[in-house]
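Biologist: Could you pick one part of this model and take a close look at it with me? I'd like to know what sits around it and how it connects to the rest.

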Amino acid sequence: MREDRRKQNPYLISSFNCSAVVGVRFVRKHVKSKKHILKLGLVALVSVFWLIVRTGRKPSRISYPCQRAAIANIHFFLLVLFAPLVDFRKLKATLPSILNHPRTKTFLMLGSLILALGCVPFTGNYSPLSNDYLSIPLNLKPQNALNLASSSDLFFIENASGVDGNMDAAFSALLQLMEDHGLFFFKTRSQLSGLFGKDDVLLIKVNCQWPERGGTSTDFVKSLIRKILNHPEGFTGEIVVADNGQERGSLDWAESNAFNHSQSMKDVVDTFSSYKVSTWLWDTIRSKVVNDYDQGDFSDGYVVNSTQNPITRLRVSYPKFKTNYDTYISFKNGIWNNATASYSSEKLKVINVPVLKSHGSYGVTACVKHYMGVVSQSLTNTHSAIQYGALGTEMVETKFPALNILDAIWVNANPKESSNCGPSTSYEAASFTNVIGASQDPVALDYWASKHILIPAAIHKGHTAYSSLDPDYAPVTSGLTESYHNYLERSMNELKNAGYQVTMDEAEMNVYVSSAFLQTDLNKDGRVNILDLFKVAQAFGAKYNETDGMYWHDPKCKYCPHEPAVDIDCNKTIDMIDLNRVARDYGKRAWPS
Ligand SMILES: [Ca+2]
Ligand SMILES: [Ca+2]
């Protein structure tokens, strides 16, 4: 009997010291026990008292760890009290009586008190990510360049996807990380070195050639556009989302790379209808040769060089086109002003946003190979010249990207040595690495991402032969046209010769890594709050299962299995340590809103 009681008693609550908060097994069961609720209520009451006494007239003290633990106690009590509310079927039936119940009044009283203290409001959705969204552990390591004189800066954001694939937090984290190291996304009156001014024309070069996971994530592009439109001086410029899928492209795929598969690039653009945001599918002009605007030609089409580069065998080609908002864009020369009959090169900025994936002819495709969607294949047959470094020439001779932002959220990590190698990538073949990376150096970004994201993902998938993905491996793996190493190095040489800072040497790379969400923000709503405590409570006592990598109760509960992310200290059990970690961070948010 005593044994049973001990088993049922989940409240390993210490008093209001820093480390202790609460211990539970199943939240729902608690509600049945008035005695337990009384105990919790007592702790909550003492916590309230503690908060008032210790915080006094200094609200800043609310962020102290002890205060946070006290707030967590209070919230946990409220959570246990109102656990039935999580079950909406029950809610419907019990709502009228709940509202009149003394507990409700207590809840409102305590809630008001907490709000009055200015601590943690009850916000956010309880919308956990599904099991498909368990990212591959990568352990990206920051590093400092040994050779500072000619180094490239790389920025990576792990844990990038939020609720329903939302990438807003990832972009906030990315811009903050860049800014912390001297690269400013926004050009403003006070930050003239920033990349993008409020009235610039931004061309977001996406990959539109493939459905499913083969194209750039539309969640990613949505948050990128949202971020640009939030220019601190108010955005008055224009955004064009464009690509040449070389006959097979679409900016309106029914099966897109997105949390909601039906969200196409066009759907994303349509949500910003109060701004000048549009799409342009260059497939439609891929075979039409035109002259540029300064030659008096105003039709949309491709400008093609008459001569070929002797080293890389490229005949440079680039699109020129009028946008939905009557802006004349020459991909090489910039924005054409008809009144002054001149170009503004500086006003056009290219953001290069490829997907990181394996490639059946060239091993890996990312930032450099992505310029294959700038050229016209039908007019120049550039694809066969990639091996000589042609796309390096294309970047030099047309418009070099102001910034490359690599979509490594879902990657194709199946090497040439296996089946399912890219560039086409089905939902099933992709790996969820959940990272975005950015750099002004497309070569360094490609090099580092393939080595530290793509190869680990390939290993995680069980591949043992993956030299086709290796940026240091010069021999040509069977079936490839050229090795990844060789085409990347030849492209790099073209860029280097033109004076760009590019490198394939890790000793010349500064790598900065951050995360979109705090580790303890388990439901990824941007704040460590009661919903995160709830996740730990729900999984409390569950243990790691070697077979599926998930956490299970024995016997399994209604909510089994539980996400590995809840085991914050990775000791293979969801326990007091995890609860304590959440309590310690209680009220924190990763990025200022
Ligand atoms: Ca949260
Ligand atoms: Ca643990």
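Modeller: Let's start at alanine 170: leaving aside neighbours within four places in sequence, it is in contact with Ile157, Ala160, Ser223, Ile436 and Ala516, where contact means that the C-beta atoms, placed from the backbone, lie within 7 Å. Bear in mind that this is a predicted model, where local features need pLDDT of at least 70 and side-chain atom pairs count only at pLDDT 80 or more, while totals for chains, interfaces and linings use all residues. Residues are numbered from 1 along each chain as its sequence is written, and chains are lettered from A and ligands numbered from 1 in the order in which they are written.

Alanine 170 belongs to the largest nonpolar core, which has 114 residues; Ala170, Leu174, Ile204, Val221, Val241, Ile436 and Leu454 touch the most other members. A core here is a set of buried Ala, Val, Leu, Ile, Met, Phe, Trp, Tyr and Cys residues joined through C-beta atoms within 7 Å. Buried means 20 or more other C-beta atoms within 10 Å of a residue's own, exposed means 12 or fewer, and partly exposed is in between, with C-beta atoms placed from the backbone. Helix 12 gives this core its largest share, 11 residues. Apart from it there's another core, of 23 residues, including Ile71, Leu533, Ala542 and Ala583.

So, on to helix 12. Helices are DSSP runs of H or I with at least four residues, strands are runs of E with at least two, and both are numbered from the N terminus. There's a kink of about 40° centred on serine 450, the bend being the angle between axes fitted to the seven residues ending there and the seven starting there. Helix 12 is largely enclosed by the rest of the structure because 15 of its 19 residues are buried. Just after it, glycine 462 takes a positive phi of about 95°.

One of the neighbours is helix 13 (residues 484-497), whose buried residues pack against helix 12, helix 11 (390-397) and strand 12 (363-365). Helix 13 has 14 residues and spans 20 Å, close to the 20 Å expected. Its buried residues include Tyr484, Leu488, Met492 and Leu495. Leucine 495 counts as buried because it has 23 C-beta neighbours inside 10 Å. Not counting residues up to four places away in sequence, leucine 495 touches Gly392, Met395, Val396, Val443, Tyr500 and Val502. Its C-alpha is 9.8 Å from that of aspartate 441, 54 residues apart along the chain. Helix 13 is followed by glycine 499, with a positive phi near 95°.

Strands 11 and 12 form a hairpin with 3 residues between them, and they pair in the antiparallel sense over 3 bridges; pairing needs at least two DSSP bridges. Strand 11 also pairs with strand 13 (residues 403-412), in the parallel sense over 2 bridges. Lysine 357 has a bridge partner in each: threonine 365 in strand 12 and asparagine 412 in strand 13.

Methods. The expected span of a helix is 1.5 Å times one less than its number of residues. Two residues are in contact if their C-beta atoms, placed from the backbone, lie within 7 Å.
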